[in-house]
Amino acid sequence: MNNPVPQCRINRLTRYAALLLSILTAACSTLPDVSNLSTSLAQKVPTATSATTGPVLDQARLAELEAAATGSPLVQGNKVTLLFDGPETMTAMIAAIEQATSTINFETYIFDQDELGQRFADLLIEKQRAGVQVNVIYDSVGSIGTPSEFFERMRAAGIKMLEFNPVNPLKRFGRWQLNHRDHHKILVVDGKIGFTGGVNISAAYANSSLFRSRRRVAANEIGWRDTHVQIEGPAVASLQLLFLQTWASQHSEDLPDLNYFPKLGKAGDKAVHVLGSRPDGDYGIYKAYILAIQQARQSIHITTPYFAPDRQLVNALVAAAQRGVDVTLILPSVSDSGLVFQAGRSFYTQLLEAGIHIYELQLTVLHAKTAVIDGVWSTVGSANLDIRSFLHNYEANVIVIDSDFGNEMENAFQEDLLDSDQITLGQWQQRPFSEHIKEWSARSLGYWL
């Protein structure tokens, strides 16, 4: 397996620093009460009925409910391409950057100074020198292990650089918000092609995971398992807007006045919902997840690396299983965040007793944040199923309501199951008592993880 130490160290620093700051200075925020979201929306949307009506999920009704819940409608006429693991994602992003003619807006949580990071930075510098305006946002905590000289080299080439919520409070005016992190992974090229998902710029993505591998892979050649999407069509404007809103939120220098929103025609047949969330915002991603789970009639298949949910999310999953929905989770067997790993496992007993199926991906670090519900509602993005993502981070998820795309997502989920081991209730009940203590301790810190 690739040595994950640099990113592990970064993630631990992120969580522990945020944990310390929250305990010392922050009052606890809370997620909104969404326990009856599906029912309350059905009363407001005349054509919408409850999830118990009919055996098949009504795509149009779900889209209508989701628009009402999040305040943002689905955008029609898009082409959406699934990208699996680092090499496939990097190849697609680099190809788009190489073809750029006007602007490149790039936003990432981790931007490492390793071979992959250097290659990415060199390409951005090359495009800037060729007359393309490049604007970059990187998270201060996520990229805390990267030397400042790495970013200064890009800035010296003319690239506009923004360090999001600097760890050093003297680097920006206004309130110091160390606990609020920019977890977006967004790339928009010429305002016409967009990318988002879970992939950072790090050596962990230099190699593929075992996903769809048709050859024997040495342990030191296995990369992290992740998922990204490439979008063409009108929905790209929504990704562009998220980037520009994040830039503006930092009260930094103005970006060059260029055409960031060119006219975008129909590029495909996919209906896409681009959702962004931020601290103290409207919790759109959280609401969309809960609503889709409440509306599910056949299956809920979720893949997530950091599973430390709030009580409402757990209750929604349990309720779905109790009404006969196949609820299956793919979670990590190894993690770069031990506290979140143990906090997630503290829910296993309740979930297993409710009939929820739990699998743990083997051999590689899981980092994909995806879900497919009833083979129709799919999401790929940066948000984990943990309280940190929903309360403290800037996150971006793409939702596609389409059966063909859902079939692609379902096929990927089934392939990941082949590389996963199932956790049964009987097996879980036999774990050592010391594991109970670790889980209880981690869960008690759930809000701050």
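User: Where does F341 lie?
Analyst: In this predicted model, F341 lies in helix α10, which covers residues 338-345.

User: Is F341 buried or exposed?
Analyst: F341 has a relative accessible area of 16%. Buried means under 20%, so F341 is buried.

User: What does F341 touch?
Analyst: Leaving out residues up to four places away in sequence, F341 touches P332, S333, V334 and S335.

User: And how far is F341 from Y306?
Analyst: The C-alpha atoms of F341 and Y306 are separated by 6.7 Å, and these two residues are 35 residues apart along the chain.

User: Let us turn to the whole protein. How many helices and strands are there?
Analyst: The protein has 15 helices and 18 strands. Buried residues make up 61% of its 449 residues. Of the contacts with a separation of 6 or more, 83% are between residues 24 or more positions apart.

User: Which residues touch the most other members of the largest nonpolar core?
Analyst: They are I300, V327, L351, I356 and W377, in a core of 57 residues. Helix α8, residues 284-295, gives the largest share of this core, with 8 residues. As general background, nonpolar side chains in soluble globular proteins tend to be buried together.

User: What does I300 touch?
Analyst: Not counting residues up to four places away in sequence, the contacts of I300 are I293, L317, A320, V325, D326, V327, T328, V372 and I373. There is also a second, separate core of 37 residues, which includes F120, M154, I159 and W224.

User: Now helix α2. Which of its residues are buried?
Analyst: Helix α2 spans residues 37-44, and its buried residues are L37, S38, L41 and A42. Seen down the axis of α2, these residues fall within an arc of 130°, so they line one face of the helix. In general, an α-helix has 3.6 residues a turn, so residues three or four places apart point the same way.

User: What do the buried residues of α2 pack against?
Analyst: They pack against α3, residues 59-70, and α8. On the other side of α2, Q43 and K44 are exposed.

User: A new topic: what is the volume of the largest pocket?
Analyst: The largest pocket has a volume of about 450 Å³. It is lined by 20 residues, and the closest to its centre are L242, Q245, L275, G276 and S277.

User: Which element gives the most to that lining of the largest pocket?
Analyst: Helix α7 gives the most, with 7 residues. Both α7 (236-249) and β9 (270-277) supply at least two residues of the lining. By class, the lining of the largest pocket holds 6 nonpolar, 12 polar and 2 charged residues.

User: How many cavities of 30 Å³ or more are there?
Analyst: A search of the whole structure finds 5 such cavities. The second largest cavity has a volume of about 90 Å³. Among the 13 residues that line this second largest cavity, the closest to its centre are T303, T370, M409, A412 and F413.

User: Which element supplies the largest share of the lining of the second largest cavity?
Analyst: The largest share, 4 residues, comes from α13. The elements β10, β14 (370-373) and α13 (403-418) each supply at least two residues. The lining of the second largest cavity has 7 nonpolar, 4 polar and 2 charged residues.

User: Where is T303 found, and what does it touch?
Analyst: T303 is found in strand β10, residues 299-303. At 3% relative accessibility, T303 counts as buried. Beyond residues up to four places away in sequence, T303 touches I330, L366, A368, K369, T370 and F413.

How values were computed
Residues are numbered from 1 along each chain as its sequence is written. This is a predicted model: local features need pLDDT of at least 70, side-chain atom pairs count only at pLDDT 80 or more; totals for chains, interfaces and linings use all residues. Side-chain values use heavy atoms; hydrogens and water are left out. A nonpolar core is a set of buried Ala, Val, Leu, Ile, Met, Phe, Trp, Tyr and Cys residues joined through side-chain atoms within 4.5 Å. Buried means under 20% relative accessible area, exposed over 50%, partly exposed in between (1.4 Å probe, protein chains only). Contact means heavy atoms within 4.5 Å. The arc is that of the directions from the helix axis to the C-beta atoms. On a 1 Å grid over the protein atoms alone, a cavity is a set of points where a 1.4 Å probe fits but cannot get out, and a pocket is an open set with protein on both sides within 12 Å along at least five of seven lines; lining residues have an atom within 4 Å of a point. Grid points are joined across faces, edges and corners, and a volume is the space filled by probe spheres set on the points. Ala, Val, Leu, Ile, Met, Phe, Trp, Tyr, Cys and Pro count as nonpolar, Asp, Glu, Lys and Arg as charged, and the others, Gly among them, as polar.
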